[in-house]
Amino acid sequence: MLDNMPRGTICIEDIEIGMTRSLRKVVTDRDIELFAEVSTDHNPVHLDDAYAQDTIFEGRIAHGMLTAGLISAVIGEQLPGHGTVYLGQSLKFLAPVRPGDMVLAEVEVMEIDHRKRRVQLDTRCMVEGKVVLKGEAMVLAPSAKFD
């Protein structure tokens, strides 16, 4: 993975609207196989070239939740980072991710509720500048007061 920022924690006291963080990752055949193993989702559209050729995708695609997991990585490692608790996530899948695609996962701070330590994030994944996944996340951010 190629992160644009170091891993760690940004506490609620230091988060600002408009802050963004991202990472880039090439989705490999191994990633897809491992995700199938862990999730137990062995849909042949992800694993079988011959089967996938006859689908609307005309080839194998990565699991949508594998792509969504890259958003989780940005949230859990960068913004807010370590100690963050996921409260919710909406997702809309707009285009497939294929083995070999470089995915850019981005997170942007939209709203902050300092009293409740909640942060609303705009989330998206792109391949070659095209949005393949978009959504919003609500997280509980860590606080310097409690750490």
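Helices and strands here are DSSP runs, a helix needing at least four residues and a strand at least two. With that in hand, let's explore this predicted model through a few exercises.

**Exercise 1. Find out how many helices and strands the chain has, and in what order they come.**

Solution. 
- Step 1: Counting the runs gives four helices and six strands.
- Step 2: Going along the sequence, they follow the pattern β-β-α-α-α-α-β-β-β-β.
- Step 3: For the overall extent, the C-alpha trace spans about 55 × 30 × 25 Å along its principal axes.

**Exercise 2. Describe the largest nonpolar core: how many residues does it have, and which elements supply them?**

Solution. 
- Step 1: The largest nonpolar core has 31 residues.
- Step 2: Helix H4, strands S4 and S5, and strand S6 (130–140) each supply at least two residues of this core.
- Step 3: The most comes from H4, which gives seven residues.
- Step 4: Val119 and Leu121 have the most contacts inside the core.
- Step 5: Leaving out residues up to four places away in sequence, Leu121 touches a set of residues including Ile75, Leu79, Val107, Val109 and Val139.
- Step 6: As background, nonpolar side chains tend to be buried together in soluble globular proteins.

**Exercise 3. Look at Gln120: where does it lie, and is it buried or exposed?**

Solution. 
- Step 1: Gln120 belongs to strand S5.
- Step 2: Its relative accessible area is 16%, so Gln120 is buried.
- Step 3: Beyond four places in sequence, Gln120 touches Glu108, Val109, Met110, Glu111, Glu136, Ala137 and Met138.

**Exercise 4. Search the whole structure for salt bridges and examine the pair formed by Arg60 and Asp29.**

Solution. 
- Step 1: Side chains of opposite charge can pair when their charged atoms come close.
- Step 2: The chain has 16 positive and 23 negative side chains, with the centres of the two sets 6 Å apart.
- Step 3: The search finds six salt bridges.
- Step 4: In one of them, Arg60 meets Asp29 at 2.3 Å, N to O.
- Step 5: Arg60 sits in the loop between helix H3 (49–53) and helix H4 (64–77), while Asp29 is in helix H1 (residues 29–39), so the bridge ties together parts 31 residues apart in sequence.
- Step 6: Arg60 is buried at 14% relative accessibility, whereas Asp29 is partly exposed at 38%.

**Exercise 5. Compare two further salt bridges, Asp31 with Lys25 and Arg124 with Glu106.**

Solution. 
- Step 1: The side chains of Asp31 and Lys25 meet at 2.6 Å, N to O.
- Step 2: Asp31 has 18% relative accessibility and therefore counts as buried; Lys25, at 18%, counts as buried too.
- Step 3: For Arg124 and Glu106, the closest N and O atoms are 2.8 Å apart.
- Step 4: This pair links distant parts of the chain, with Arg124 in strand S5 (residues 118–127) and Glu106 in strand S4 (residues 102–113), 18 residues apart.
- Step 5: Arg124 is buried, at 17% relative accessible area.
- Step 6: Through shared partners, salt bridges join Glu106, Glu108, Asp122 and Arg124 into one network.

Key:
Residues numbered from 1 in each chain as written. Predicted model: local features only at pLDDT ≥ 70, side-chain atom pairs only at ≥ 80, totals over all residues. Heavy atoms only, no water. Salt bridge = Lys/Arg side-chain N within 4 Å of Asp/Glu carboxyl O. Buried < 20%, exposed > 50% of the residue type's maximum accessible area, 1.4 Å probe, protein only. Core = buried A, V, L, I, M, F, W, Y, C linked by side-chain atoms within 4.5 Å. Contact = heavy atoms within 4.5 Å. Lys, Arg positive; Asp, Glu negative; His and termini not counted. Charge placed at Lys NZ, Arg CZ, Asp CG, Glu CD.
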